[in-house]
Amino acid sequence: LGKEPWWKDATFYQVYPASFKDSDGDGWGDIPGLISKIDYLHDLGVDVVWLSPVFESPQADMGYDVSDYQKIYAPYGTVEDVDALVEACHVRGMKLILDLVVNHTSIEHGWFKESRSSKTNPKRDWYIWKPARYNSEGQRIPPTNWRGYFAGPTWTWDEHTQEYYLHLYASEQPDLNWESEACREAIYDNTMRFWLERGVDGFRIDTVNKYSKRTEYVDASITDPSSTCQPAPEMWCNGPRIHEFIHEMRTKALEPYGAVSVGELSNTPHPSQVLPYVSSAARELDMVFEFSMIRLGTGGMFGPKYTYVPFTLPQMKAIVAKWQTFIEGTDGWTTVFCENHDNGRAVSRFGDCSTPELWQASAKTLALWQATLTGTLFLYQGQEIGMTNMPATWGIDKYKDVESLNFYAEAVASGDQKTIADTMHGLRILARDHSRIPFQWDDSPNAGFAEKGVKTWMQIHDEYRDINAAKQLVDQDSILNFYKRILQLRKKYKDLFVFGTFRLLQGEHKAIFSYVKESPHETSNSYPQTNGHSVNGHDGRKRAAVVVLNFSKDKQECLDVRDVFDCNDNDTIRLLVS
Ligand code: TEU
C-alpha cells in the first residue's frame with residue numbers, strides 16, 4: 001500500500017465531554033473523567049480521540065459557542081487538564097484532536113464585544129454587520145431573508161450601533177467575517193497554533209465550508225411562501241473564496257505542525273464539490289464528513305427537518321456506494337461514520353431494537369458495516385455498546401438541545417396539532433439529544449457516569465442496567481467485544497477494508513445490503529483458507545471480501561447480522577465470526 005498517512009487507517013472516537021464521565025460530582029462530564037477512561041478507549045482499539053468543544057463558553061450551543069479559545073470551560077477542567085489528556089494519549093500511542101469552531105464565536109467573546117462596541121472599532125469588520133432594510137409599511141426588516149439552521153432568522157438587531165449582525169446558528173453565535181485578513185490571522189494564531197504548540201495532533205473543523213459567504217447579501221428565492229425566512233445554504237456554503245481560505249488555514253496553521261484535519265461539510269451533496277476539499281494535491285483538508293447518509297429520515301435541513309421521512313434500503317445503499325466510490329482514481333480520501341453528537345443513535349435509526357436479540361444483531365451489523373467500509377473510521381461514544389435513543393416515553397422536557405427546542409417551539413407556534421405531533425415524532429428518532437445523554441458505564445446509580453445521588457445534566461437512560469460497558473466487557477458475545485474484534489480485523493485486512501475498492505451488489509434488493517471489497521493491490525500476505533491452511537499471496541490475485549448484511553424484510557430500515565466472506569475467485573472463506 002506504499003506509505004499511506006497514519007490517519008487513513010486510524011480509528012477515531014468522538015467524545016462528547018459533557019456526557020462521557022463526571023469525576024467531580026457536578027453532574028457534568030469533565031476532562032479528568034475522560035482521562036480516567038482512556039485505557040477503556042485504548043483497549044477498544046481507538047487510535048485518536050476527537051474531543052468536542054471544551055473551551056470557555058456560555059453553552060448556548062453546548063460549547064459550539066466559544067467565548068475564549070485559550071481557556072477551558074471550568075466544569076470541564078483546565079488547560080493543564082488538556083495537557084494531561086494529550087500526555088495520556090501520547091504515552092499510549094494514541095492522539096488527540098480538538099473541535100475547531102471558527103465560523104462563529106460566542107456573543108460573549110472579547111472579539112465580538114469589541115466589534116459591537118462601535119462602528120469604528122478596529123474589530124468591527126471581524127463580524128458581519130449590515131444596516132436594516134425597511135418594508136413598504138416602513139417597518140425595519142433584516143438585511144436578507146435567510147433562514148438559519150436552528151429555525152428562525154440569521155440576523156439580530158443591535159440597538160447600540162443600529163445595525164444587524166449575521167448568525168447562521170443561534171443569535172448567541174455571531175459569524176466571524178473571514179473576508180477580514182486580520183480576523184483570519186487571529187483565528188490561525190489564537191485558536192489553532194495555541195493548541196498545536198501544546199501537542200494537540202489536529203482538529204475536527206466545524207462547519208468547514210461556510211466561511212466564505214456570498215458577499216452581495218441578497219435574498220434567497222422564496223421556497224416557503226408562508227415564512228419570512230427562506231432556506232439559503234447556497235448563500236454561505238462552498239462560497240467563492242472557501243478554497244482559498246481553507247488552503248491558507250492549511251499552509252499557515254495545520255501543515256507547519258503536521259496536524260491532521262477532518263472538516264464538517266454539510267449541504268454539499270455533489271462529489272465534484274467535495275473532492276476539491278480532500279484532494280491531497282489541493283492541500284486543503286485531509287478528509288471531510290459528508291452528511292447525505294446520516295441525514296436519511298430527516299425532512300431536509302431547513303424545512304420540516306424533524307418531520308420523519310421513511311427511507312428504503314436501496315436509497316441508503318445508493319448513498320453509501322456514491323461516497324465509497326467517489327474517490328476512486330483520485331487523490332482524495334473519505335470517512336466512515338454513522339453517528340455523532342448531532343444525530344440520533346444509529347442502532348435506533350437504522351436497526352431494530354424491538355427485542356434484545358434484534359437490538360444486539362442490529363448493533364453488530366452496524367459494526368460490521370462500518371468496519372468494512374473504505375475510508376477513515378469514526379466512532380461516536382456509546383456506539384460501541386449499542387446505546388439507543390432516549391425512551392419514546394420521554395417528553396420534550398427531557399430534550400435540552402437548542403436545535404430541538406427551537407424546531408419544537410416553531411411547531412407549537414404554528415398552532416397545528418399535526419405539525420406538533422409530527423415534530424415530536426421526528427425528534428424521537430432524529431434529535432441531537434439522543435446522542436448526548438450520559439454514557440452508560442455500569443449498572444450502578446447514574447450508570448457510573450456520575451456518583452450516586454448526583455443530579456446529572458441530562459437524564460440517564462432508563463435501560464442503563466441492561467445496556468452498559470461493564471456488562472459487555474465480561475461478555476464475549478457482546479456488542480463491545482464484537483467491536484473489539486472487528487476493529488482488529490479491519491486493521492489486519494486494511495488492504496480490503498480501509499483501502500479496498502467498493503462494489504455494491506444487488507443494489508435494488510430491499511433487504512440485503514451486500515458489497516464486494518477488493519484489495520487495490522495483489523495479495524502479498526497470507527490469509528486463512530477454508531481448508532484450514534494459510535496461503536501466501538504472490539498469486540497475482542486480488543483479495544476480495546463479500547459483506548452481506550440482512551435487513552428485515554418488513555420494515556426496510558432494519559439490520560440484522562450476517563457474515564462476511566473473504567472470497568478469492570472460487571475460494572469462499574468465512575472471514576468473520578458473526
Ligand atoms: O454542525 C454544523 C452542521 O452541519 C449543522 O448545519 C448541523 O447540520 C445542524 O446543527 C443540524 O444538525 C456543527 C456542530 O456539529 C453542531 O453541533 C453545532 O450546533 C453547529 O455546527 C454550530 O456550531
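Me: Does α5 pass α6 in a left-handed or a right-handed crossing?
Reply: A crossing counts as left-handed if the near helix is turned anticlockwise from the far one by less than a right angle, and as right-handed if clockwise. In this predicted model, α5 passes α6 in a right-handed crossing. Residues are numbered from 1 along each chain as its sequence is written, and side-chain values use heavy atoms, without hydrogens or water. As the model is predicted, local features need pLDDT of at least 70 and side-chain atom pairs count only at pLDDT 80 or more, while totals for chains, interfaces and linings use all residues.

Me: At what angle do helix α5 and helix α6 pack?
Reply: Helices are DSSP runs (H or I, at least four residues), numbered from the N terminus. Axes are lines fitted to C-alpha atoms over the stretch in contact, with angles from 0 to 180 degrees between N-to-C directions. Helix α5 (residues 181-196) packs against helix α6 (residues 242-254) at about 45°, and their axes are 10 Å apart. The two are therefore oblique to each other (under 35 degrees is roughly parallel, over 145 roughly antiparallel, 65 to 115 roughly perpendicular, and the rest oblique).

Me: How do the axes of helix α10 and helix α14 cross?
Reply: The axes of α10 (residues 356-371) and α14 (residues 479-492) come within 10 Å, crossing at roughly 15°. These helices are therefore roughly parallel to each other, and their crossing is right-handed.

Me: At roughly what angle do the axes of helix α11 and helix α12 cross?
Reply: Helix α11 (residues 402-414) and helix α12 (residues 417-430) have axes that come within 8 Å and cross at roughly 165°. So α11 and α12 are roughly antiparallel to each other. Here α11 passes α12 in a left-handed crossing.

Me: Which residues around the ligand come nearest?
Reply: A residue is near a molecule if one of its heavy atoms lies within 4 Å of it. There are 22 residues around the ligand, and Asp61, Asp206, Arg295, Lys305 and Asp342 come nearest.

Me: How far is a polar side-chain atom of lysine 305 from an oxygen atom of the ligand?
Reply: The cut-off for a polar contact is a pair of N or O atoms within 3.5 Å. For lysine 305 the distance is 3.0 Å. A side-chain N or O atom of tyrosine 169 is 3.2 Å from a ligand oxygen, and for glutamate 403 the corresponding value is 3.1 Å. The protein covers 100% of the 490 Å² of accessible area that the ligand has on its own (Shrake-Rupley method, 1.4 Å probe).

Notes. A polar contact is a pair of N or O atoms within 3.5 Å; within protein, one must be able to donate a hydrogen and the other to accept it, and residues adjacent in sequence count only if both atoms are side-chain atoms.
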